[in-house]
Amino acid sequence: MRTVSGFSTTASRCQGSVTLPRALLALAGSMLVGLPAMAQTAAAPLPLAVRSGCAARGAALYQGCTGCHSLDENDLGPRHRGVVGRRAGTVGDFRYSEALRLSGLIWDEATLDRWLTDPQALVPGTRMYYTVRDAQARADIIAFLRQQVVSPARGASGPG
Ligand code: HEC
């Protein structure tokens, strides 16, 4: 339930923020009242300083990752579902570089942002070379990944 309502709130808010005409911004402002509630229901504490991402845009941007990753199956890269909050290099049946496996990183907004900016700088020797230059795009992708939780059996929302 939390994931579903969180998603729709996020999606409508960020679609608006991209295309909304100036005259409607005041209206959008009233939607911000919903924010504290969202923050309370978030799975992990999210510092307000973190750039807020748009999961709906992130879902589209994630297509850039799917040459090597998917949510539920290992490919050239490890599967992503549940990655936010996970320790780096710990998908059991994926063969990581030693560099990433021993990195000791926990994937959260901050580490993922640095990773997507330049994986080689964060973890020298990693086998991932893909970079995302645009900070907002990184935030959007991270917002999307954040929603891809490992769900208990009661069938939480899947991708799309
Ligand atoms: C060209 C292939 C390629 C692309 C494209 C790619 N990755 Fe990766 N990714 C990898 C590989 C390979 C690894 C494993 C690196 C290692 O073992 O050092 C990895 C690892 C990761 C990890 C670490 C996961 C873990 O379990 O520790 C994350 C997070 C990640 N990628 C996110 C992304 C995101 C998000 C995108 C798209 C913006 C992306 N990657 C695009 C190849 C890719």
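**Which of the 25 residues around the ligand come nearest?** C65, C68, G77, S97 and T126 do; a residue counts as near the ligand if its C-beta atom, placed from the backbone, lies within 6 Å of it.

**View 1. The shell around the ligand.** Welcome to a predicted model, in which local features need a pLDDT of at least 70 and side-chain atom pairs count only at pLDDT 80 or more, while totals for chains, interfaces and linings use all residues. Residues are numbered from 1 along each chain as its sequence is written. The shell divides into 17 nonpolar residues, seven polar and one charged. Here Ala, Val, Leu, Ile, Met, Phe, Trp, Tyr, Cys and Pro count as nonpolar, Asp, Glu, Lys and Arg as charged, and the others, Gly among them, as polar.

**View 2. The whole chain, before we zoom in again.** The protein has eight helices and zero strands; helices (H or I, at least four residues) and strands (E, at least two) are DSSP runs, numbered from the N terminus. Of the 160 residues, 24% count as buried. A residue is buried if 20 or more other C-beta atoms lie within 10 Å of its own, exposed if 12 or fewer, and partly exposed in between, with C-beta atoms placed from the backbone. Among contacts with a separation of 6 or more, 57% join residues 24 or more positions apart. Two residues are in contact if their C-beta atoms, placed from the backbone, lie within 7 Å.

**View 3. The largest nonpolar core.** This core has 23 residues, and those with the most contacts inside it are A55, I141, I142, A143, F144 and L145. The elements that give two or more residues to it are α4 (55–61), α6 (109–117) and α8 (135–147). Helix α8 provides the largest share, six residues. A nonpolar core is a set of buried Ala, Val, Leu, Ile, Met, Phe, Trp, Tyr and Cys residues joined through C-beta atoms within 7 Å. In soluble globular proteins, nonpolar side chains tend to be buried together.

**View 4. Helix α8 on its own.** Take a look along its 13 residues, which reach 19 Å from the first C-alpha to the last, close to the 18 Å expected at 1.5 Å a residue. That expected span is 1.5 Å times one less than the number of residues. Ten of the 13 residues are buried, so α8 is mostly covered. Among the buried ones are R138, D140 and Q147.

View 5. T117 is found in helix α6, while T131 lies in the loop between α7 (119–122) and α8. Why is T117 partly exposed? T117 is partly exposed because 15 other C-beta atoms lie within 10 Å. T131 also counts as partly exposed, with 13 C-beta neighbours inside 10 Å. Not counting residues up to four places away in sequence, T117 touches T131 and R138. With the neighbours within four places left aside, T131 is in contact with L116, T117 and D118. The C-alpha atoms of T131 and D118, 13 residues apart along the chain, are separated by 5.6 Å.

**View 6. How confident is the prediction?** The pLDDT, which is the predictor's confidence in each residue, from 0 to 100, averages 78 over the protein, and 63% of the residues score at least 70. Over residues 1–12 the pLDDT is below 50. Residues 154–160 also have a pLDDT below 50. Where pLDDT is low, the predicted coordinates should not be read in detail.
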